[in-house]
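Trainee: Hi! Could you walk me through this structure? I'm new to it.
Mentor: Happy to, let's take a look together.

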Amino acid sequence: DVLGSRGLGDVYKRQVTYREISGVKKALFYKVCPSSPDIKQCISDLKNAIQSAQKLCDTIGYHGFEEDFQEAHRLLNDTDRLDNALNGALSACVFAGMGSWNDEVAAICEDKNIPQHQYTEVTNALFSAILNVVCGICSY
C-alpha cells in the first residue's frame, strides 16, 4: 500500500501491485553483464541497437523517442570522455516510467501486427547494449 496526496493535505491510500508480465521481461532484468567488456565494442553495439530501435519506430510511425535516440547518438559519437558514453547509454534508456518503450512501442507493435519476436529482439538488444555500456564503464 502506498500513501499519496492530491494536494492541500488530502491524503488517500492506493494499492500498488507488481507482477511479472512475461518471461522476456524477467530475462531482461536479470541480465548479467560480462566481467570486463570491451567498451568500444559495447558502444558500437549500442549504436546498432539504437538504429534498430529507430527503424522499428519508423515502421510503426512512432517518433516519441526520436530526441532521446538522437541525443544518445550525439553523445556516443564523442566518446573520448567516459561520461559521454554513460550519458549516451542513459539517453537511450527509454524503459522507465509511464509512456515508456514497454508501454508505447509494445502496444503500437501489437496494434499494427508487428511480430512479437521482432519487438522482443529489438528490445533485448537495446536493453542489453545499454547495460553492457554501463558495465563496461564501471569496469574500466
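Mentor: A definition to begin with: helices (H or I, at least four residues) and strands (E, at least two) are DSSP runs, numbered from the N terminus.
Trainee: Thanks! In what order do the elements of the protein chain run from the N terminus on?
Mentor: They run β-β-α-α-α-α-α-α. The secondary structure comes to six helices and two strands.
Trainee: And what kind of model is this?
Mentor: This is a predicted model, where local features need pLDDT of at least 70, side-chain atom pairs count only at pLDDT 80 or more, and totals for chains, interfaces and linings use all residues. Residues are numbered from 1 along each chain as its sequence is written, and side-chain values use heavy atoms, with hydrogens and water left out.
Trainee: Got it. How many of the residues count as buried, in percent?
Mentor: Of the 140 residues of the protein chain, 34% are buried. Buried means under 20% relative accessible area, exposed means over 50%, and partly exposed is in between (1.4 Å probe, protein chains only).
Trainee: What about contacts between residues at least 6 apart in sequence?
Mentor: Among those in the protein chain, 65% join residues at least 24 apart. Contact means heavy atoms within 4.5 Å.
Trainee: Let's go to the helices. At what angle do H3 and H4 pack?
Mentor: Helix H3 (residues 66-76) and helix H4 (residues 82-92) pack at about 165 degrees, and their axes are 8 Å apart. Axes are lines fitted to C-alpha atoms, for helices over the stretch in contact, and angles run from 0 to 180 degrees between N-to-C directions.
Trainee: So are they roughly parallel or antiparallel?
Mentor: H3 and H4 are therefore roughly antiparallel to each other. Angles under 35 degrees count as roughly parallel, over 145 as roughly antiparallel, 65 to 115 as roughly perpendicular and the rest as oblique.
Trainee: Which residues make the contact?
Mentor: On the H3 side they include Phe 69, Ala 72 and Leu 75, and on the H4 side Ala 85, Gly 88 and Ala 92 are among them. By class, this contact of H3 with H4 has seven nonpolar, four polar and two charged residues. For the classes, Ala, Val, Leu, Ile, Met, Phe, Trp, Tyr, Cys and Pro count as nonpolar, Asp, Glu, Lys and Arg as charged, and the others, Gly among them, as polar.
Trainee: How about H2 and H5, at what angle do they pack?
Mentor: The angle is about 50 degrees, with the axes of H2 and H5 10 Å apart. That makes H2 oblique to H5.
Trainee: And which residues meet there?
Mentor: H2 brings Ala 53, Leu 56, Cys 57 and Ile 60, while H5 brings Trp 101, Val 105, Ile 108 and Cys 109. By class, the contact of H2 with H5 has eight nonpolar, no polar and no charged residues.
Trainee: New topic: how many aromatic pairs are there?
Mentor: A search of the whole structure finds seven aromatic pairs. Rings of Phe, Tyr and Trp (its six-membered ring) pair if their centres lie within 6.5 Å; planes under 30 degrees apart count as stacked, over 60 as edge-to-face and the rest as tilted. One of the pairs is Phe 65 with Trp 101, with centres 6.1 Å apart and planes at 35 degrees, so this pair is tilted.
Trainee: Where do Phe 65 and Trp 101 lie?
Mentor: Phe 65 lies in the loop between helix H2 (39-60) and H3, and Trp 101 in helix H5 (residues 101-111), so the pair ties together parts that are 36 residues apart in sequence. Phe 65 is buried, with a relative accessible area of 7%, and Trp 101 is buried too, at 0%.
Trainee: What about Trp 101 and Tyr 119, how are their rings arranged?
Mentor: Trp 101 and Tyr 119 are stacked, at 6.3 Å centre to centre and 15 degrees between the planes. At 10% relative accessibility, Tyr 119 counts as buried.
Trainee: Which residues do ring pairs link into a cluster?
Mentor: The cluster is made of Tyr 62, Phe 65, Phe 69, Phe 95, Trp 101, Tyr 119 and Phe 127.
Trainee: Last one: is Asn 113 buried or exposed?
Mentor: Asn 113 counts as exposed, at 66% relative accessibility. Asn 113 is in the loop between H5 and H6, and its phi is near 60 degrees, a positive value in a residue other than glycine. Most residues other than glycine have a negative phi.
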